[in-house]
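My entries follow in the order of looking.

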Amino acid sequence: MPQEQYTHRSTMQSSEGPHVYKVGIYGWRKRCLYFFVLLLMILILVNLAMTIWILKVMNFTIDGMGNLRITEKGLKLEGDSEFLKPLYAKEIRSRTGNPLYFQSARNVSVNILNEDSKVLTRLVTGPKAVEAYSQKFQVLTTKGKVLFSADDNEVVVGAERLKVLGAEGTVFPKSIETPNVRADPFKELRLESPTRSLVMEAPKGVEINAEAGNLEATCRTELKLESKDGEITLEAAKIKLPRLPQGSYSSTGSRQKIYELCVCPNGRLFLSQAGASSTCQINTSVCL
């Protein structure tokens, strides 16, 4: 390059001065950036405040959350608790001296499962009934005595006295086996079969005893006392048969008050006026 041209270019650059290039965000971009930074700080503060509020309301502590406390023996709940899904626990118990409540809108079910998750025993308490499913159901006293037991073979009542308070009494569609049937003191005992027969059987005898009252046996058609190998004994100060038929025979024609009791071959009893000898043979027309 010629020396004149170089000198002229250098003179022009020096006269114009150095060019300055600005680096950064200016104008509306800068204002938007500050706005987003401020908004982010506000969200962080709100989030921090909400977190602190949730921790305060839920009562988060080192030992647990809310009514739930973590102890060395397990989890401890203070107050009412609601479980939306199944709860698996080895033991559930209340605080010492306080009851334990199970509350549900429909029913409460307790299931006992085996190793194959098959239900062995189930207890369902519903709005209409309490149902228990098991091979055997027992009710025991604190000393281990059986008060009530039921299975497929029999039902056992182990109490000293079985008391039924129903106004209509107790209905047994089939037979009942018991060594003693008695009423409460100063109460009546009534054995009744409204539409069928009433049979009492025992291999060594049936005893009917009323120590402080009357004993009545009433039936619609026939009352039968039968002893196959023994005898029937009526022991009382007075034995009255007020509705026995009377024979019409009279040897003297006078009305006397002495009669003899006669038995027909079919078992019917009747009265006949007493005479010097038996007059039962004369009044056999009653047996027809």
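I began with burial: 6% of the 288 residues of the protein chain count as buried. Here buried means under 20% relative accessible area, exposed means over 50%, and partly exposed lies in between, with a 1.4 Å probe and protein chains only. I note that this is a predicted model, in which local features need pLDDT of at least 70, side-chain atom pairs count only at pLDDT 80 or more, and totals for chains, interfaces and linings use all residues. Residues are numbered from 1 along each chain as its sequence is written, and side-chain values use heavy atoms, with hydrogens and water left out.

**Fold.** I counted two helices and eleven strands in the protein chain. Helices (H or I, at least four residues) and strands (E, at least two) are DSSP runs, numbered from the N terminus. I read the order from the N terminus as α-α-β-β-β-β-β-β-β-β-β-β-β.

**Record check.** I looked up UniProt, where an unreviewed entry places the feature "transmembrane region" at residues 32-55. UniProt positions are in the numbering used here, feature names are shortened, and annotations may be inferred rather than shown by experiment. In the model, residues 32-55 are 100% helix and 0% strand, with the end C-alpha atoms 34 Å apart.

**Sheet.** I found an open sheet of three strands in the order β1-β2-β3, with antiparallel pairing. β1 (64-65) and β3 (74-77) are at the edges with a single partner strand each, so one side of each has no neighbour in the sheet. Two strands pair if DSSP finds at least two bridges between them. β1 is joined to β2 (residues 68-71) by two bridges, and Gly64 stands opposite Arg69 in β2. Between β2 and β3 I see four bridges, again antiparallel, with Leu68 opposite Leu77 in β3. β2 and β3 form a hairpin with two residues between them.

**Cysteines.** How many disulfides does the rule give? The count is one disulfide, a disulfide being a pair of cysteine sulfur atoms within 2.5 Å. The pair is Cys262 and Cys280, with sulfur atoms 1.8 Å apart. Cys262 lies in strand β10 (residues 259-263) and Cys280 in the segment after β11 (269-273), so the pair ties together parts that are 18 residues apart in sequence. The torsion about the S-S bond of Cys262 and Cys280 is about -75 degrees, so this disulfide is left-handed. Both Cys262 and Cys280 are buried. I also checked Cys32, which is partly exposed at 33% relative accessible area, and Cys219, which is partly exposed at 39% relative accessibility.

I took the second largest pocket, with a volume of about 2200 Å³. On a 1 Å grid over the protein atoms alone, a pocket is an open set of points where a 1.4 Å probe fits, with protein on both sides within 12 Å along at least five of seven lines; lining residues have an atom within 4 Å of a point. Grid points are joined across faces, edges and corners, and the volume is the space filled by probe spheres set on the points.

Which residues of the lining lie nearest the centre of the second largest pocket? They are Phe83, Leu87, Ile92, Leu100 and Phe102, out of 38 lining residues. β2, β3 and β4 (108-113) each supply at least two lining residues, and β4 gives the largest share, five residues.
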